[in-house]
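Visitor: I would like to go through this model term by term. For each label, please give the value and the cut-off behind it.

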Amino acid sequence: GTGSNLERICNELAGIVRKSAAGSVGTIAFTTSLSSSLAQTGAQLTSSAGLIFQVIAGGSYADGDSISIQGVSTGSNTNLAEGSTLTWVTVPPGAKAKVSVDSDGGLSGGIDAETDEDLRARLFRFLSSPPGNGNSAHLISIAEAATPGISAVCYPAYNGPATVRVAIFQAPSDTNKD
């Protein structure tokens, strides 16, 4: 099956739900001509591609302060490089209309909705090794359910008998299959 039929099959057989898209998070460098200016929670910014971002934690910010933002728009296209320019929808008093993405890694964590191929692969993995009673598949399902956009691998007996190690990493994307 594909689309909604695949989703129905996954839900009925395994309780698996398609992973939805998420927007990126990061910080911008606030620029203002005043000693401090107010950036409100939920204040929005746009990219040149029309993507929408919003302030996570509002407050009084001085020139050069970092402001945490997240993507209202979703998908891997919300991941922006350091130095990318965003524009305030409503410019805070004394602030410049354009801001740049901070140099601490840019905006990251934006993911696309799970494809039919990826969803089908998760279903087959579930059916071939059902999670339960703390087995490897169970630990992987717990880890991957914790946060969207991650994948996990389980290494049984990593440090000897009766031990296990679960490695968590960012899920592969169109631009990074590692």
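Visitor: Why does A162 count as exposed?

Guide: The relative accessibility of A162 is 88%. Exposed means over 50% relative accessible area, buried under 20%, and partly exposed in between, with a 1.4 Å probe and protein chains only. A162 is therefore exposed.

Visitor: What is the basis of these values?

Guide: This is a predicted model, in which local features need pLDDT of at least 70 and side-chain atom pairs count only at pLDDT 80 or more, while totals for chains, interfaces and linings use all residues. Residues are numbered from 1 along each chain as its sequence is written, and side-chain values use heavy atoms, with hydrogens and water left out.

Visitor: Where does A162 lie, and what is its phi?

Guide: A162 is in the loop between β9 and β10, and its phi is near 65°, a positive value in a residue other than glycine. Strands here are DSSP runs of E with at least two residues, helices are runs of H or I with at least four, and numbering starts from the N terminus. A157 is placed in the loop between β9 (150-156) and β10 (164-170), with phi near 55°, also positive in a residue other than glycine.

Visitor: Why is A157 called partly exposed?

Guide: Its relative accessible area is 46%.

Visitor: What makes a set of residues a nonpolar core?

Guide: The members must be buried Ala, Val, Leu, Ile, Met, Phe, Trp, Tyr or Cys, joined through side-chain atoms within 4.5 Å. The largest such core has 18 residues, of which I28, L45, I69, L86 and W88 touch the most other members. At least two residues of this core come from each of β4 (52-55), β6 (66-71), β7 (85-88) and β8 (98-101). There is also a second, separate core of 6 residues, with L6, C10, A14 and L119 among them. In soluble globular proteins, nonpolar side chains tend to be buried together.

Visitor: Which residues does I69 touch?

Guide: Leaving aside residues up to four places away in sequence, the contacts of I69 (heavy atoms within 4.5 Å) include S24, V25, G26, I28, L45, F53 and L107.

Visitor: Why does L13 count as exposed?

Guide: L13, in helix α1 (residues 3-14), has 55% relative accessibility, so it counts as exposed. Together with F124 and L127, L13 makes a nonpolar surface patch of about 320 Å².

Visitor: What makes D116 and R18 a salt bridge?

Guide: A salt bridge is a side-chain nitrogen of Lys or Arg within 4 Å of a carboxyl oxygen of Asp or Glu. The closest N and O atoms of D116 and R18 are 2.6 Å apart, so the pair qualifies. D116 is in helix α2 (residues 116-128) and R18 in the loop between α1 and β1 (25-29), 98 residues apart. E7, R18 and D116 are linked in a network of salt bridges. With 23% relative accessibility, D116 counts as partly exposed.

Visitor: How many salt bridges does a search of the whole structure find?

Guide: The search finds 5. One of them joins the side chains of R122 and E114 at 2.8 Å, N to O.

Visitor: Are R122 and E114 buried or exposed?

Guide: R122 has 16% relative accessibility and counts as buried. E114, at 10%, counts as buried.

Visitor: What does the salt bridge of R125 and E144 tie together?

Guide: The N to O distance of this pair is 3.7 Å, which meets the limit, so the label holds. R125 lies in helix α2 and E144 in helix α3 (residues 136-146), so the pair ties together parts 19 residues apart in sequence. R125 counts as partly exposed at 44% relative accessibility, whereas E144 is buried at 12%.

Technical notes
Patch = residues over 30% accessible without salt bridge, like charges linked within 9 Å, V, L, I, M, F, W, Y side chains within 5 Å. Areas by Shrake-Rupley, 256 points an atom, 1.4 Å probe, with all protein chains shown as cover.
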